Amino acid sequence: MAFSRLVLLISIVGYFLIASAANFYQDFDITWGDGRAKILNNGELLTLSLDKSSGSGFQSKNEYLFGKIDMQLKLVPGNSAGTVTAYYLSSKGATWDEIDFEFLGNLSGDPYILHTNVFSQGKGNREQQFYLWFDPTADFHTYSILWNPQRIVFSVDGSPIREFKNMESKGVPFPKNQAMRIYSSLWNADDWATRGGLVKTDWSQAPFTASYRNFNANACTVSSGTSSCSNSASSPNAWLSEELDSTSQEKLKWVQNNYMIYNYCTDTKRFPQALPTECNTA
């Protein structure tokens, strides 16, 4: 009897795990592209395509205010020069907040550039760029954003690549009051994306396709101004106070020492008077 109860319990738990698994039909709306964006495999896979006429994009049904968000992407293979695959969180309005991953395509054999940025109250200009230590077109890789009241951490396959701390005490605005949706798009940006616009999109290679799977949002959703985490005592979320431990800090240093190719915090030509405040704070 006890064994049959255990089997029933395992079955119930298994059902809820499956039921809560990512489903693009449930979690996202295709917003543009006139059929170029597709949800496939019973909602387990989403693809965006770009041709000379148009790109495509999607957005989350939910709005989030803090969370730990993962998505697996496989980027446009081959000659992807001129294309940009953007995957980001953003609010609306003139003083919007935004947390960006952008993947800048390149000629066959040359590396993608991963471009990151943080906007708070409509102000960005906080770019950091990286090469990746793998071919992002050969397989799916996990790109994650941890966003809590203390920090924003960008990670790739579990390795942090960038941390933007809350420095409101130093007068630096931090995204913490505006709920954001998840957006993604594949579009043509050959006026700037590859070598500053010198390399143009080769339309003979179209359509260009990027693929998405295994979305997961351990996050506070906002509906009608109310957060699902309002009663945090009954539903504790460890990520709300998560910070980088010593192992993660070492990984962050390794990535930044070996793969960072641009950091606004060291660009004295761009900021000749003084580097931004957050760059001067340890």
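# Reading disulfides, strands and single residues

Me: A disulfide joins Cys265 to Cys279, with the sulfur atoms 1.9 Å apart. What handedness does the torsion about this S-S bond give?

Reply: In general, a disulfide is a covalent bond between the sulfur atoms of two cysteines. The term is used here for a pair of cysteine sulfur atoms within 2.5 Å. For Cys265 and Cys279 the torsion about the S-S bond is about -75°, so this disulfide is left-handed. The pair links distant parts of the chain, with Cys265 and Cys279 both in the segment after β16 and 14 residues apart. Before going further, note that this is a predicted model, in which local features need pLDDT of at least 70 and side-chain atom pairs count only at pLDDT 80 or more, whereas totals for chains, interfaces and linings use all residues. Residues are numbered from 1 along each chain as its sequence is written, and side-chain values use heavy atoms, with hydrogens and water left out.

Me: How many disulfides does the structure hold, and which pattern do they follow along the chain?

Reply: There are two disulfides in the structure, and with bonded cysteines counted along the chain their pattern is 1-2, 3-4. Cys220 is joined to Cys229, with an S to S distance of 2.0 Å, and the torsion about that bond is about -100°, so this disulfide is left-handed. Cys220 and Cys229 are both buried, as are both Cys265 and Cys279. Buried stands for under 20% relative accessible area, exposed for over 50%, and partly exposed for values in between, with a 1.4 Å probe and protein chains only.

Me: What is the strand order of the open sheet of eight strands?

Reply: In general, strands of a sheet pair through backbone hydrogen bonds, either parallel or antiparallel. The elements themselves are DSSP runs numbered from the N terminus (helices H or I, at least four residues; strands E, at least two), and two strands pair if DSSP finds at least two bridges between them. In this open sheet the order is β1-β4-β13-β6-β7-β8-β9-β16, with antiparallel pairing. At its edges stand β1 (28-32) and β16 (260-263), each with a single partner strand, so one side of each is left without a neighbour in the sheet. On average, neighbouring strands of this sheet are turned by 15° against each other, direction ignored; axes are lines fitted to C-alpha atoms, for helices over the stretch in contact, and angles run from 0 to 180 degrees between N-to-C directions.

Me: How many bridges join β7 to β8, and where does Asn106 lie?

Reply: β7 and β8 run antiparallel and are joined by seven bridges, and Glu98 has Phe119 in β8 as its bridge partner. Asn106 lies in the loop between β7 (98-104) and β8 (113-119). UniProt lists Asn106 in an unreviewed entry for "glycosylation site"; UniProt positions are in the numbering used here, feature names are shortened, and annotations may be inferred rather than shown by experiment. At 12% relative accessibility, Asn106 counts as buried. Leaving aside neighbours within four places in sequence, Asn106 is in contact (heavy atoms within 4.5 Å) with Gly78, Asn79, Ser80, Ala81, Pro111 and Thr194.

Me: Which side chain forms a polar contact of 2.7 Å with that of Arg151?

Reply: A polar contact is a pair of N or O atoms within 3.5 Å; within protein, one must be able to donate a hydrogen and the other to accept it, and residues adjacent in sequence count only if both atoms are side-chain atoms. In this case the partner of the Arg151 side chain at 2.7 Å is the side chain of Glu163, while a polar atom of the Arg151 side chain lies 3.4 Å from the backbone oxygen of Glu242. Arg151 is placed in strand β11 and is buried, at 11% relative accessible area. Ser155 is also in β11, which comprises residues 151-156, and Ser155 is buried, at 12%.

Me: Is Asn42, with its positive phi of about 55°, buried or exposed?

Reply: Asn42, which is not a glycine, is exposed, with a relative accessible area of 71%, and lies in the loop between β2 (38-40) and β3 (45-50). Asn214 has a positive phi near 55°, but lies in strand β14 and is partly exposed at 45%. For the backbone of Pro207, the feature to read is the peptide bond from Ala206, which is cis, with omega near 0°; Pro207 is in the loop between β13 (181-188) and β14 (208-223).
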